[in-house]
Structure formats: C-alpha cells, structure tokens
Amino acid sequence: MSEPVHDAVRIGIVSTSDRASSGVYEDKGLPALQDWLTRALRNPIAFEPRLIPDEQAGISATLIELVDAGCSLVLTTGGTGPAPRDVTPEATLAVADKEMPGFGEQMRQISLAFVPTAILSRQVAVIRGKSLIINLPGQPKAIAETLEGLKNPDGTQKVNGIFAAVPYCVDLIGGPYLETDDSVCKAFRPKSAVRTARPAA
C-alpha cells in the first residue's frame, strides 16, 4: 500500500540575536526550531532560516520577505523580553493584518509552570496575508515546551501546547494542510475540517 501524500510546506525560522548574528556565540534557536518541526510535522518541509540582529526595521523586513517567499508559517525566537534591545514583538505587530493573542497567552501560561518570570515574556502571534507568524521564547527547552505543552507522568496531555492549534489556523487562512506526528504533538481540527488521506499517485 502506497504512502499517503502530504502537502509540501515552506516554513520561515528566524533567530534574532545581536551576539549570535555577529558570531560572538553559536545560535541555538534555529537548530532547535528545525529539529522540533522536522519531528512534529509529517509534511515535506522547505526551511527558510534567518539569523539577524535585534533591529526592529530589519526584523519586520525579514518577516515580510519570508511571507512574500511563500512561507505559510514563520516562527521567530529571541527578543521578546523587556530589555531595551528586545523588539521582536513590535517588529511583528508592525507587519500584521490580524493579531492572534491566544498564542501569546497560552505560551505564558505554559512557561509559568516552570518559572515565575514567564510573565515578563511578550511573545505575540499575527497573520499577514496567508501566513501565520509566531514569536517563541529564546531557549531551546522553552521552545519545545511551549510548542508541545505539558504532559502528565503517564504521558497524557496535561496542558495543550500552542502547535496543536497551528494546523487548523493555517487551514483557515488558506495555507497547506499540515499533518502532525501525534507522538510529538497532536493537532486539533473540528471533524468537518479533517481531510482523509490522499493515496500516492
């Protein structure tokens, strides 16, 4: 029996860091994003990675470039705290057609289970055209936690991660049909939005 066909998807991954982009230290955000997405999605993925400094105009320009290049999903990491150079949320909101506040609310809720300083994070999510743009935390461990959510000791889901809602959101804005590996992150869709598997030609 042939394998089902999965839609191809182009995903932008952006790490904002003055020091990493100038070579002071190795960037860990882009590898963490690529590793998690490769494990979580069954779709063939074309990644568009960008490592850029904490400059608001440059971040906004990069987001616009990735959307224009056909990225249905753009994930950023870094630059979401209260420090003067943390401007990723401002740069993201500047290119938005719509804001999606539930993503940021849920990320902070998940992170609060680990550190009280989660309330200092300012991650936002927006829609621009047919693309969903989400700001994620800067640490690889926190990236995985917010995407996957929290599990009980027996492996059942305790708190949903934000990625459970991403595929249906991408459906609604006209993007490709994203299919997840349930062992990493189970996507939720209303029954009417679930597509039956298409056999390979």
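Modeller: The lining of the largest pocket comprises ten nonpolar, 15 polar and nine charged residues. In this classification Ala, Val, Leu, Ile, Met, Phe, Trp, Tyr, Cys and Pro are nonpolar, Asp, Glu, Lys and Arg are charged, and the others, including Gly, are polar. The model is predicted, so local features need a pLDDT of at least 70 and side-chain atom pairs count only at pLDDT 80 or more, whereas totals for chains, interfaces and linings use all residues. Residues are numbered from 1 along each chain as its sequence is written, and side-chain values use heavy atoms, with hydrogens and water left out.

The volume of the largest pocket is about 750 Å³. Gly 78, Gly 79, Pro 137, Gly 138 and Gln 139 are the closest to its centre among the 34 residues that line it. A pocket is an open set of points on a 1 Å grid over the protein atoms alone, where a 1.4 Å probe fits, with protein on both sides within 12 Å along at least five of seven lines; lining residues have an atom within 4 Å of a point. Its volume is the space filled by probe spheres set on the points.

Strand S2 (9–16), helix H1 (18–21) and helix H6 (140–148) each contribute at least two residues to this lining. Helix H6 provides the largest share, four residues. Helices (H or I, at least four residues) and strands (E, at least two) are DSSP runs numbered from the N terminus.

Turning to the charged contacts, the structure holds ten salt bridges, each a side-chain nitrogen of Lys or Arg within 4 Å of a carboxyl oxygen of Asp or Glu. A network of them links Arg 10, Glu 48, Arg 50 and Glu 65. Within it, Glu 48 is bridged to Arg 50, with 3.3 Å between the closest N and O atoms. Arg 50 is also bridged to Glu 65, where the closest N and O atoms are 2.7 Å apart. Because Glu 65 lies in helix H3 and Arg 50 in strand S3 (residues 45–52), this pair ties together parts that are 15 residues apart in sequence. Glu 48 is buried, at 18% relative accessible area, and Glu 65 is partly exposed, at 38%; buried means under 20%, exposed over 50% and partly exposed in between (1.4 Å probe, protein chains only).

A further salt bridge joins the side chains of Asp 171 and Arg 189, at 2.6 Å from N to O. This pair links distant parts of the chain, 18 residues apart: Asp 171 is in helix H7 (residues 166–172), and Arg 189 is in the loop between H7 and strand S10 (198–199). Asp 171 is partly exposed, with a relative accessible area of 22%, while Arg 189, at 11%, is buried.

The loop between H7 and S10 also holds Gly 174, which is partly exposed at 46% relative accessible area. Gly 174 and Gly 129 are 45 residues apart along the chain, and their C-alpha atoms are separated by 9.1 Å.

Helix H3 (residues 56–68) also contains Asp 68, which is exposed, with a relative accessible area of 61%. Between Asp 68 and Met 100, 32 residues apart in sequence, the C-alpha to C-alpha distance is 20 Å.
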